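Welcome! Take a moment to look over the structure below, and then let us walk through a few of its features together.

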Amino acid sequence: MQPRNMSMSGVVDLAAVKAAGEAKQKAERARADAARTGGAPASGRLIFNVDEADFQQDVLQRSTEVPVVIDFWAEWCEPCKQLGPVLERLATEYAGRFVLAKIDVDANQMLFQQFGVQGIPAVFAVIAGQPVPLFQGAAPEAQIRQVLDQLIQAAEQQFGIVGTPVEPGDQDEEAEEAAPAVPESPQDLALAAAHQALDAGDLGGAVRAYQGLLADDPGNGEAKLGLAQAQLLERVSGLDATQVRKAAAESPADVKAQIAAADLDLVGGHVEDAFGRLVDAVRRTAGEDRDAARVHLLSLFEVIGGEDPRVVAARGALARVLF
């Protein structure tokens, strides 16, 4: 399944919901599918143009399967005309280990601003929904290759994401033949329905659907991640971010205020800030307040995934303040 309800204003956040668990599971399924079919999973083209309308599907969702490199360019930019062909040739040469998304900044000012691009050409990557700045300007090819190799290695080691090698000539044929997987069991159907509720913004319905799934199958990792995401989004919906952060700043010992601010931190992609805030709350408080901060922190660990290095570090910090 793909990360859901993402927006670039909080892209790291909702990507993080899936990054540690689902991305690895998805990559494993993709490799298994490739082994069964004798080829690569249907992933579409290696090089494609992206705009604001299809960014969610073509970049964020696809980044759970393969690293997506983004080339921010413009027709009037001469260095872009030098860099673009190099990136395209490398995308073809790497043959599926990453894909290249090209964004015309003149036609997509919102994406340009949300990535914080300072000048073009600018090259970013997205891995499991998480944006990673790579370099700016028409870099030498040798340097670009080194950056790409490091990106591919990080995607595999940290998230279990590998782009399955494909024959460049088969790209369009694969895209045409690609079809959505048909659920094969009642659990698959129920999981798809839960995801659809989440996609539609029916957070209460999604929570109930995921809880129902877990009642029948407590070990369903994807349902656990989906439930954690839905509950997080449900908690922050309707919050006044300015008021929440003001209350948290004015009352460091107010556990409820710190919990609400931590949720906003996580949804904003500030994972370490969310964890650090609650570790501090545990250190400052005692009794029921301390336990509330600790339990909520553990629930946020579930959102990110136990293997994520940020979770590992925060667990260590929590242990030190507790013991």
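The buried residues of helix 13 are V271, A274, F275, L278, V279, A281 and V282. Where do they sit around the axis of helix 13? They lie on the same side, because the arc they cover is only 155 degrees. In general, an α-helix has 3.6 residues a turn, so residues three or four places apart point the same way.

Next, have a look at the cysteines. The model has one disulfide, which joins C77 to C80 with an S to S distance of 2.4 Å. The torsion about the S-S bond of C77 and C80 is about 80 degrees, so this disulfide is right-handed. Are its two cysteines buried or exposed? Buried means under 20% relative accessibility, and the table gives the values.

| Cysteine | Relative accessibility | Class |
|---|---|---|
| C77 | 3% | buried |
| C80 | 5% | buried |

Finally, keep in mind that this is a predicted model. The mean pLDDT of the protein is 79, and 80% of its residues reach 70 or more. Over residues 1-21, however, the pLDDT is below 50, although this stretch has 78 contacts in the model beyond near neighbours in sequence. Residues 33-43 also stay under 50, with 15 contacts beyond four places in sequence. Where pLDDT is low, the predicted coordinates should not be read in detail.

Terms used:
Residues numbered from 1 in each chain as written. Predicted model: local features only at pLDDT ≥ 70, side-chain atom pairs only at ≥ 80, totals over all residues. Heavy atoms only, no water. pLDDT = per-residue confidence, 0-100. Contact = heavy atoms within 4.5 Å. Buried < 20%, exposed > 50% of the residue type's maximum accessible area, 1.4 Å probe, protein only. Helix = DSSP H or I, 4+ residues; strand = E, 2+ residues; numbered from the N terminus. Arc of directions from axis to C-beta. Disulfide = S-S within 2.5 Å.
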